[in-house]
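Welcome! Take a moment to look over the structure below, and then we will walk through a few of its features together.

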Amino acid sequence: MPELVKFKLNDKELTAEKGTLLIEAARQNGVEIPAFCYYPGLSLQAACRMCLVDIEKRPKLATACTEPVMEGMVVWSDNEKIHTARKTTLEFLLTNHPLDCPVCDKGGECELQDMVFRYGAGGSRFVEEKLHVPEQKWSPVVYYDAPRCILCYRCIRICNEGMGVGALGLNYRGVNSEIVPNKGDHLECEECGMCIDICPVGALTSGAYRYQTRPWEMTYVATPCAHCGDGCKVTLSVRNNQIMRGNNRDASGLNGEFLCIKGRYGYDFTHSAERITKPRVRKNDELVECTWTEAIAAAAAGLKAAKTHGVIGSTHTTNEENFFLQKFARQGLKTPHIDHRRSADFPALMDALAGRPATPSALATSRDVLEAPAVLLIGNNPTDQHPMLAWNIRTAVRLRKQHLYIVNRASIPLVAQAEAAKIAKAGEEIEELERFRDALAKEKDVVIIFGSEVKGADITKLVAFGDTLPGHTRYIALADNANSRGAVDMGVLPDLGPGYQPAAQAGMALDEMLAGNLEAFLIVGANPARRYLIQAGKAFVVVQDMFLTETAQIADVLLPSAGPYEKGGTVTNTYGEVQRQKLGLLVNGAKTDLEILSLIARAMGFDLGAANAATQSNEVFEEIRRSVKGYNIAAAALWTGSAVPAVTLNGAVPHRDRPDLIASSNDTLFTSGTLGRYCSALSAVAEAKERKNPEGIGK
Amino acid sequence: MTFSAPLEKRFARMLQSYPQKRSALVPMLMYAQDEVGSLTDEVIAEIADRLGVTVLQVNEVIGYYSMMHKKPLGQYHVQVYTNISCMLRGGFKVWDHARKTLGIGHKQVDADGRFSLEEVECIGSCCWAPAMQVNYDYHHNVTPESFDRVINELKKGGGQ
């Protein structure tokens, strides 16, 4: 039990944990002490002077954000002296602050506005001309308006401490002070936009959102991000069926307040001019627009006419869609040939951990990374490929003294946070671990995180190594995309059905299918033509996609599908946490992949359930809960927005090792596979051109 | 880049003198500025590198302190104090006289790079106000006449 101390706040006897900052102790007891610069988790600044309190026997007011609560302390946060102090502080903050609230992006959700409303003076004594400097564009996504800045240092601290980038500083002093970017007149950074989100006023604004709308005109939809495998929750602000911005100010998801550029700005593919919104069929070697009825009939007829089928699933579609797809393949088309592009060897991991109890789980969640005393990271470059993981590690190292050990083929940015780091030759990562054995043996519990470099037999060796460590060792395999894990869990694999159960009949893997003589392909939300040569004209190809990708171009029937922000369902992040995807908006003309599949199924006379377009995603989810091992998760928690870990350790997984098929697409912060090409905000920033993952990672 | 041998020796000693390397930042900047003439981008990058801080962090410090300059000053940098004690004792008279005599204004350098002028706040010489400083030399109880004497002396090649 933590030691409690008694203190008096506004003549009320209260208790708080020893060492708690007064501002937090007051908040815990329902008393608000206002502050701008104080931000939980960041270093203390005491710059804004809003949190001044009156402490007994102190001649001067003290800042509640730097004052630990002590036994017998007597404090007032609500007397005449404090009221005057707050009023004066706000008066000073407003001397040069423009009163452009009616056009300012922050108007309506501005902390300065709220503070003036609550604690400010009714009038101003300031009649002098205000100091004005023009706004600055620091990057296509970050703008700075110095006159609005109240110099709380939050942006500087989040960039230094949270991001470990240090792209912002404070130059000059007094009334001339302003925030400056690291390259003089522009930024060179990760373009995450954390500085914009954390800004209490409208000084830092988003290039994508500024002067577009007012906060109260939008509806807010919190849903998992469409890009990497971390599964951050992004709050989409939607107005007139348009996504106006992405942010996460309510910090309601597993990512807390964190979002990277992809989460914050990478929603724009939804409104890309290159979206296909009308079905097309091939006529005289050309893709011609047609009606849905015609296209579905053509797809059904072509698939029916073929004797052999190959089915390729996606790492972006929902669990429901992937589950239904494998059902469509195995029960409808009666083909065992189904696969997707793999980036982590989940079957090998589940197999190596077979027989472990469900609790305490041998699989770690994203929260476990934050709380683990030690992390061993093998391969991957989380700063670019899993930005939330990198954020969690930095946070844990900073606030909880977590020990980070790194084995990698190249030096990665997280080495700056590492206790120890070793460069390993390709394929020698596991041998290299021996160098950490003594250090790791002293750690309490270790979370072992590995990228696609570790696969097949190496995973068995890794788990054998983890077993020799004294504490409770947990594992995380890192896969590329928003639902890479879900695709495996749902059995979009040639050898495994849903829940890592062996498939009734093993089929061909992705490369074998595409090299073979199959008569027809059904490709949902994947772009295999980017890597493999698919000979058009040889087979009948049905493609469901949002864009005219290389694969879509060789389709015989092309069906426009809805994006991840346009449908319900669930997705599973690389940590195995299942989250509910929420319908944010509708794009005219597109249908969800689930609806398209059900329409084809019906046209082909398959009875696969899920007939009603409005409720089918829920129906399929119920079927997943009933039939997929490990997915019998608490629906109520999921429906209220929580991330619920799937329990996928269900005994031995008799799988066929194909380590050669497992590779990461090595996305940087500014790329996102095929999807990233249609995100103009990602390619707009200058850093996008130069940024590369170090050589050798991810293969 | 490297500095002169004595300065390098001084820097080497300084880096050992603080529990945190970066504490040496302000003195290093001052010595480097005296030797190089101003804090050029090259000097800033070099010092940032030696102290393990970012260029941005060095720039923050330079922006904060008025005695650090990114552009070269005159051979003699004349600082006239006009904060309250000096003001009450005729500081502005000295300031106006200085501008007229040297023919340059606040933070300006004359054509031959000999003199630069700056209006500054306080050096704590209130008991001998008004005060003025030329490079590192203090001058007290300054009047327009004593100002001229100091400047003429410098023109003849005196001073440090």
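Two strands pair if DSSP finds at least two bridges between them. With that in mind, here is a look at one part of this predicted model. Strand E12 of chain A, residues 233-239, is joined by five bridges to strand E13 of chain A, residues 242-247, and the two run antiparallel. Strand E11 of chain A, residues 219-224, is linked to E12(A) by six bridges, again in an antiparallel arrangement.

The table lists these two pairings, each with one pair of residues that stand opposite one another.

| Strands | Bridges | Direction | Opposite residues |
|---|---|---|---|
| E11(A) and E12(A) | six bridges | antiparallel | A:Pro224 and A:Lys233 |
| E12(A) and E13(A) | five bridges | antiparallel | A:Ser237 and A:Arg245 |

Is E12(A) mostly covered or mostly open? Strand E12 of chain A is mostly covered, with five of its seven residues buried.

Now let us turn to where the chains meet. Seven residues of chain A and seven residues of chain B take part in the contact. On the side of chain A that touches chain B, two residues are nonpolar, four are polar and one is charged.

Finally, a word on confidence. Chain B has a mean pLDDT of 94, and 98% of its residues reach 70 or more. For the model, the scores are ipTM 0.86 and pTM 0.94. Where pLDDT is low, the predicted coordinates should not be read in detail.

Conventions: Residues are numbered from 1 along each chain as its sequence is written. Chains are lettered from A and ligands numbered from 1 in the order in which they are written. This is a predicted model: local features need pLDDT of at least 70, side-chain atom pairs count only at pLDDT 80 or more; totals for chains, interfaces and linings use all residues. Two residues are in contact if their C-beta atoms, placed from the backbone, lie within 7 Å. Ala, Val, Leu, Ile, Met, Phe, Trp, Tyr, Cys and Pro count as nonpolar, Asp, Glu, Lys and Arg as charged, and the others, Gly among them, as polar. A residue is buried if 20 or more other C-beta atoms lie within 10 Å of its own, exposed if 12 or fewer, and partly exposed in between; C-beta atoms are placed from the backbone. Helices (H or I, at least four residues) and strands (E, at least two) are DSSP runs, numbered from the N terminus. pLDDT is the predictor's confidence in each residue, from 0 to 100.
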